[in-house]
Amino acid sequence: GSVSAWRASRGDAAVHRRAMRAAVERYSALERVRCSGRPAEPQEGAWETSPALAGGAAGRAPPPAQTEEAADARACPICCEDLCSPNEGVGALTYEGRRIEPDLYHASCVTMLLSHDGRIKMARRKSDDNFRISWGLSPVTRKPVDGFEPVPMLDEPQRWSAFVDWKGTGSVHIKDVASVVELTLPMRAAVLLDFISANFNIDSDGLIPTTALQADVLPYLVEHCREMGRSQASSQSLCVKARSAFLFNALEDYASGRTRPVKEIASTALELSEVAQSGDAKVVRLAGQLLEDREEEVRRAGSTLMVRVAGRGDQQAFEVCSQLLQHRSALVRKSALEVLGKVAYEGDHRARDEILHMLGDRDPAV
């Protein structure tokens, strides 16, 4: 048995070595030859059924040359996947702190390209950095590389414009601006091109000065980001309010006498406690009704709802609990007393008087 296991392990190791050699050969080829942006050509008739690109009308075929160029600009040269892939950092290769080429890469692809043949090495001395990198040459332009710069954020206008104007000419093409903005905002490059062309001063060659980019275009885009965040927050708030109203109505129907499963009511009350607005008088009143329920599970859920919505010092919650302390059911009085201890302020004389009175309750649990 041990011999068979040894042979099997040797076979697995051989398979692993062959796979590693294939990976090394693949990435070495990628270093020598730039991969096309999209390996598969679109099928005949595909443009007629696909959405319009670059602001064209729906159903109209875009020029093939423009389509290939746009696809190539949006693809990582190493993996040939879209640069706008989620959860992927994007940046450019640099030399002496400056970009060396127009191409952009996934950070993970650059790391893999460097590590597959041992160009990332751990330092031997403790005083040195944790690792050293032998960058080599760009896989696209074959220029020397010594670093990687991620795409700057839009709220850093000087860094951002310097990243786009990597040649230092003082002006950039709006296509380059749109393609980089697309990596930061959830906006398509075609929409950005139309917007920038219609609202800012662009010369006949499609160039915009970097000064105008910093002073006009980027501030608008940053504000657009904030507006999108506010709009999303407003939309989420409306969804929470709608959900809260739905849960409240379901519990109110139950409190009015409609028969519902106990577990369903308890889970509904707990969910309402998570989304209800703090201090909501209607929810406090409803929680008081649940505290009177004959089912222990519903009373516990009502207690949680009351505590989370009312909070310390809530006058209405105090009044509801005070009334329930006179309830004929000892279990209801016990639940009300527990809630009172959580919503009353420390040193509250009225709460102290209520508690002293309940010390003489006929039920030992109370």
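Student: Which residue forms a salt bridge with Arg299?
Tutor: A salt bridge is a side-chain nitrogen of Lys or Arg within 4 Å of a carboxyl oxygen of Asp or Glu. Here Glu296 is the partner of Arg299, and their closest N and O atoms are 2.4 Å apart. Please keep in mind that this is a predicted model, where local features need pLDDT of at least 70 and side-chain atom pairs count only at pLDDT 80 or more, while totals for chains, interfaces and linings use all residues. Residues are numbered from 1 along each chain as its sequence is written, and side-chain values use heavy atoms, with hydrogens and water left out.

Student: How are Glu296 and Arg299 separated in helix H11?
Tutor: Helices (H or I, at least four residues) and strands (E, at least two) are DSSP runs, numbered from the N terminus. Helix H11 covers residues 296-310, and because Glu296 and Arg299 are three residues apart in it, about one helical turn separates them.

Student: Is Arg299 buried or exposed?
Tutor: Buried means under 20% relative accessible area, exposed over 50%, and partly exposed in between (1.4 Å probe, protein chains only). Arg299 has 2% relative accessibility, so it counts as buried. Glu296 has 35%, so Glu296 counts as partly exposed.

Student: Where do Glu252 and Arg285 lie?
Tutor: The side chains of Glu252 and Arg285 also meet in a salt bridge, at 3.4 Å, N to O. Glu252 is in helix H8 (residues 210-255) and Arg285 in helix H10 (residues 281-291), so the pair, 33 residues apart, links distant parts of the chain. Glu252 is partly exposed at 26% relative accessibility, and Arg285 is partly exposed at 35%.

Student: How many salt bridges are there in the whole structure?
Tutor: A search of the whole structure finds 14.

Student: Which residue lies over the face of Phe163?
Tutor: A charge sits over a ring if NZ of Lys or CZ of Arg is within 6 Å of the ring centre and within 35 degrees of the ring normal. Arg99 lies over the face of Phe163, 4.5 Å from the ring centre. Likewise, Lys282 lies over the face of Phe248, at 5.4 Å from the ring centre.

Student: Which residues form a nonpolar patch on the surface?
Tutor: Patches are made of residues with over 30% relative accessible area and no salt bridge; like charges are joined within 9 Å, and nonpolar side chains (Val, Leu, Ile, Met, Phe, Trp, Tyr) within 5 Å. Accessible areas come from the Shrake-Rupley method with a 1.4 Å probe, and for residues only the protein chains shown count as cover. In this model, Ile355, Leu356 and Leu359 form a nonpolar patch with about 310 Å² of accessible area together. Ile355 is in helix H14, and its relative accessible area of 38% makes Ile355 partly exposed.

Student: How many helices and strands does the protein chain have?
Tutor: There are 14 helices and eight strands. Of the 366 residues in the protein chain, 34% are buried.
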